[in-house]
Amino acid sequence: MARYLYIDVDAFLASVEQSINRGLKGRPVMVGGLPTERGIVYCPSYEARALGVRLGVSLFEAGRKIPDGVFLKGDSATYDQYSERLMAILSDFTPRVEKISADEACLDISGMERYFPSPYDMAGEIKARVTAELALSTSVGIGSSRVIAKIASEIKKPDNLVVVPEGDEAAFLAPLPVEKIPGIGHVNRKILGEMGIKTVGQLQTVPEEYLITIFGQNGRKFAAYAFGHDGPLVRDFRAIRSINRETGLSEDITDRGVLLAHYYYLLERACRRLRTLQKKAASLTVKLRYSDFEQVEGHSAITPPSWDEKILYDRAKMMFDTLYRRRQGIRLVGVTLSNLKNAAHSESFILDGTEKKERLLESVDSVRARFGFLAVTTGRTLTLGEKYRRKVTGYELRTPGLSQ
């Protein structure tokens with residue numbers, strides 16, 4: 001009998017900060033920046049959520065609601081370390097660990113009954129060890145499929161443990177709102193709402209063929225998920241379709257050179273991630289937000305697909321010059337690499353120019369992995385050294401969680 005365990009760390013970023021500084025336990029912690037700065041809260045602790053602060057609330061509004069709250073900028077390198085330690089703990093229980101994100105994983109625990117009295121006992125041991133070693137609270141769901149385990153983990157957060165017995169999947173899901181189904185976001189929920197469908201139970205009554213007519217192949221997925229079956233597209237919710245890097249600016253900037261330095265640095269970070277995934281981008285989006293919050297974006301196809309920041313930067317620079325048409329300061333810049341393609345390596349002993357450049361980029365990545373990101377720098381980003389603190393992981397931008 002197949003059995004899956006889905007584990008999710010509660011309020012991961014804030015919980016890590018509370019783990020590092022035990023004096024923050026029980027206090028409202030908000031990761032994202034200081035209340036005097038521009039930006040949003042990226043992760044509020046459950047204590048902060050109880051006081052009305054949600055993810056995406058402006059730092060100013062959060063400071064108004066919780067004037068004595070703890071506001072932190074956060075450090076992505078620290079969060080990565082905690083994520084690695086979490087995955088190492090999970091791997092001690094079973095080698096079949098699928099990392100969904102930094103703070104989520106799905107474990108195939110089929111056949112583990114020989115080592116544990118029950119899946120519930122196994123989950124209890126995992127939760128206890130994560131608490132003991134990392135001081136992090138987790139929510140766990142167990143079910144006969146990945147999707148049912150994932151949804152179960154989201155019920156009664158934080159610090160929950162929900163087991164859905166085999167055969168009870170449809171009944172367990174029926175009273176839940178449709179947005180609990182992975183892939184049903186705001187737009188799809190609105191469409192279903194116009195059809196009179198607000199609960200998973202109501203979704204269960206809709207024929208699969210009709211859902212496919214409305215939502216395409218996603219309809220097939222929704223039909224399977226509604227009954228707790230993984231279906232053919234179950235892993236779509238964790239597939240990486242794009243890579244986004246953006247940062248808010250601590251002050252409005254009008255200097256074209258400084259703005260372009262930000263874009264190049266963000267592309268460096270994004271392309272490094274591409275190469276890690278062995279992917280190349282066939283589409284590039286450049287974003288900027290004016291000081292009055294007007295946001296404009298430009299999109300461009302990249303042919304052939306690339307993971308080279310120099311190539312993408314040339315296109316980004318042209319797009320930026322087209323977009324930046326107002327005599328107004330910029331408060332946020334960002335890039336998105338999408339339409340990702342698998343990278344193909346040549347096995348030729350004689351490298352052409354493109355292959356040599358790719359080998360050079362991979363060598364730079366290797367040096368940075370060993371000695372720090374700023375061990376190799378380019379003149380295009382030197383002006384950032386005058387604005388931001390240098391760290392092993394790179395420049396400490398205004399929103400490091402989005403820029404790493």
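Reader: Hi! What does the pLDDT do over residues 345-352, and how many contacts beyond four places in sequence does the model have there?
Author: Over residues 345-352 the pLDDT stays under 50, and the model has nine contacts for them beyond four places in sequence. Here pLDDT is the predictor's confidence in each residue, from 0 to 100, and a contact means heavy atoms within 4.5 Å. This is a predicted model, where local features need pLDDT of at least 70 and side-chain atom pairs count only at pLDDT 80 or more, while totals for chains, interfaces and linings use all residues. Residues are numbered from 1 along each chain as its sequence is written, and side-chain values use heavy atoms, with hydrogens and water left out.

Reader: Thanks! What pLDDT does the protein chain average?
Author: The average is 87, and 92% of the residues score at least 70. Over residues 233-238, though, the pLDDT is below 50, and that stretch has 17 contacts beyond near neighbours in sequence. Where pLDDT is low, the predicted coordinates should not be read in detail.

Reader: On to the sheet. What is the order of the four strands?
Author: The order is S9-S12-S10-S11, in an open sheet with antiparallel pairing. Helices (H or I, at least four residues) and strands (E, at least two) are DSSP runs, numbered from the N terminus, and two strands pair if DSSP finds at least two bridges between them.

Reader: Which strands stand at the edges?
Author: Those are S9 (242-253) and S11 (295-306). Each has a single partner strand, so one side of each is left without a neighbour in the sheet. From one strand to the next the twist averages 15°, with angles running from 0 to 180 degrees between N-to-C directions and axes being lines fitted to C-alpha atoms, for helices over the stretch in contact.

Reader: Which helix packs on the sheet, touching S9, S10, S11 and S12?
Author: That is H12 (residues 256-277), whose direction makes about 160° with that of S9. Helix H13 (residues 309-323) lies across S10, S11 and S12 and runs at about 155° to S11.

Reader: And how many bridges join S10 to S12?
Author: There are 11 bridges between S10 (residues 279-290) and S12 (residues 330-342), which run antiparallel. Valine 286 stands opposite valine 335 in S12. Towards S11, S10 has eight bridges, again antiparallel, with alanine 281 partnered by serine 306. S10 and S11 form a hairpin with four residues between them, and phenylalanine 293 in the turn has a positive phi of about 80°.

Reader: Switching to helices: at what angle do the axes of H4 and H5 cross?
Author: H4 (residues 76-91) and H5 (residues 119-134) cross at roughly 145°, with axes that come within 10 Å. Among the residues making the contact are Tyr82 and Leu86 of H4, and Ile126 and Val130 of H5. By class, the contact has seven nonpolar, no polar and three charged residues. Ala, Val, Leu, Ile, Met, Phe, Trp, Tyr, Cys and Pro count as nonpolar, Asp, Glu, Lys and Arg as charged, and the others, Gly among them, as polar.

Reader: Last one: how many residues of S7 are buried?
Author: Six of the six residues of S7 (residues 138-143) are buried, where buried means under 20% relative accessible area, exposed over 50% and partly exposed in between (1.4 Å probe, protein chains only). Thr138, Val140 and Ile142 point one way from S7, and Ser139, Gly141 and Gly143 the other way. Six bridges join S1 (residues 4-9) to S7 in antiparallel fashion, while three join S7 to S8 (residues 161-163) in parallel.
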